[in-house]
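This report is meant for a reader who is meeting the structure for the first time.

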Amino acid sequence: MTTTQPRATVDVAERSVTRTVRVAAGPDAVWRAISEPEHVAGWFGDGCETEDGGPLASGTKGRLHFEGYGWFAFEVTRVEQGRVLAYRWGQSAEDPDRMTEATFTLEPDGDGTYLTVHETGFTGATDDAVRAALDGNREGWDVELDELVAYVESRSW
């Protein structure tokens, strides 16, 4: 039976987007899905490349591809193996200097895992531009994390 996951929320004052989903798989599977480029590309956009070709680790630089939007640079800023992964990435393929930070936190829950994404650092020339960026990424996390849940739950890890 499919359950509806809570949707992403926006905090305008903090300029952040947050979403928590429950994945019916253990933390190891979820960790692999968010830290190994071949799995990241299976749910987050359609391409993930790292400079060294390896998994995401502290200091790793790479890029993510989203069809119709292009490549977005990222740099991993924090890793607590199996629990927390954070990276800075471009808000816009056209302006790679404008970056936000997305932090993924995993919490075991019986035979599943809660995954929370908290993205901060949204900027813009106007409040309307910031709000548009927040709303765009809120919608994006709704789609992408639904894809992550389906991706992880469809595999035998």
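## Charges over rings

The charged end of R155 sits over the ring of Y151, at 3.6 Å from the ring centre; a charge is said to sit over a ring if NZ of Lys or CZ of Arg is within 6 Å of the ring centre and within 35 degrees of the ring normal. R63 is placed in a like manner, with its charged end over the ring of W71 and 3.8 Å from the centre of that ring.

## Basis of the model

This is a predicted model, in which local features need pLDDT of at least 70 and side-chain atom pairs count only at pLDDT 80 or more, while totals for chains, interfaces and linings use all residues. Residues are numbered from 1 along each chain as its sequence is written, and side-chain values use heavy atoms, with hydrogens and water left out.

## Strands and hairpins

Helices (H or I, at least four residues) and strands (E, at least two) are DSSP runs numbered from the N terminus, and two strands pair if DSSP finds at least two bridges between them. Strand β8 (residues 112-120) is joined by 8 bridges to strand β2 (residues 16-23), and the two run antiparallel; in this pairing V17 stands opposite E119 of β8. Strand β7 (residues 99-109) also pairs with β8 in the antiparallel sense, over 9 bridges, and here E101 has T120 of β8 as its bridge partner. β7 and β8 form a hairpin with 2 residues between them, and G110 in the turn has a positive phi of about 60°.

Strand β5 (residues 70-80) is joined to β4 by 6 bridges, with the strands running antiparallel, and the bridge partner of G62 in β5 is F74. The hairpin of β4 and β5 has 3 residues between the strands, and G68 in its turn has a positive phi of about 90°. On to the next strand, 6 bridges join β5 to β6 (residues 84-90), again in an antiparallel arrangement, and V79 stands opposite L85 of β6. This second hairpin of β5 has 3 residues between the strands, and G82 takes a positive phi near 75°.

## Aromatic rings and the nonpolar core

The structure holds 14 aromatic pairs, where rings of Phe, Tyr and Trp (its six-membered ring) pair if their centres lie within 6.5 Å, and planes under 30 degrees apart count as stacked, over 60 as edge-to-face and the rest as tilted. The pair of F44 and F66 is edge-to-face because the ring planes stand at 85°, with the centres 5.1 Å apart. This pair links distant parts of the chain, since F44 lies in the loop between α2 (37-43) and β3 (47-50) whereas F66 lies in strand β4 (residues 61-66), 22 residues apart. F44 is buried at a relative accessible area of 2%, and F66 is buried at 12%; buried means under 20% relative accessible area, exposed over 50% and partly exposed in between, with a 1.4 Å probe and protein chains only. Ring pairs link F44 and F66 with W43, F72, F74, Y87, W89, F104 and W141 into a cluster.

The largest nonpolar core has 38 residues, of which Y87, W89 and W141 touch the most other members; such a core is a set of buried Ala, Val, Leu, Ile, Met, Phe, Trp, Tyr and Cys residues joined through side-chain atoms within 4.5 Å. Helix α3 (residues 127-153) supplies the largest share of this core, 9 residues. In soluble globular proteins, nonpolar side chains tend to be buried together.

H65 is placed in strand β4 and, at 19% relative accessibility, counts as buried. Its side chain makes a polar contact with the side chain of D46 at 2.6 Å, a polar contact being a pair of N or O atoms within 3.5 Å in which, within protein, one must be able to donate a hydrogen and the other to accept it, and residues adjacent in sequence count only if both atoms are side-chain atoms. Leaving aside residues up to four places away in sequence, H65 touches F44, G45, D46, G47, G70 and W71, where contact means heavy atoms within 4.5 Å.

P55 lies in the loop between β3 and β4 and counts as partly exposed at 49% relative accessibility. Not counting residues up to four places away in sequence, P55 touches S35, E36, P37 and T60.
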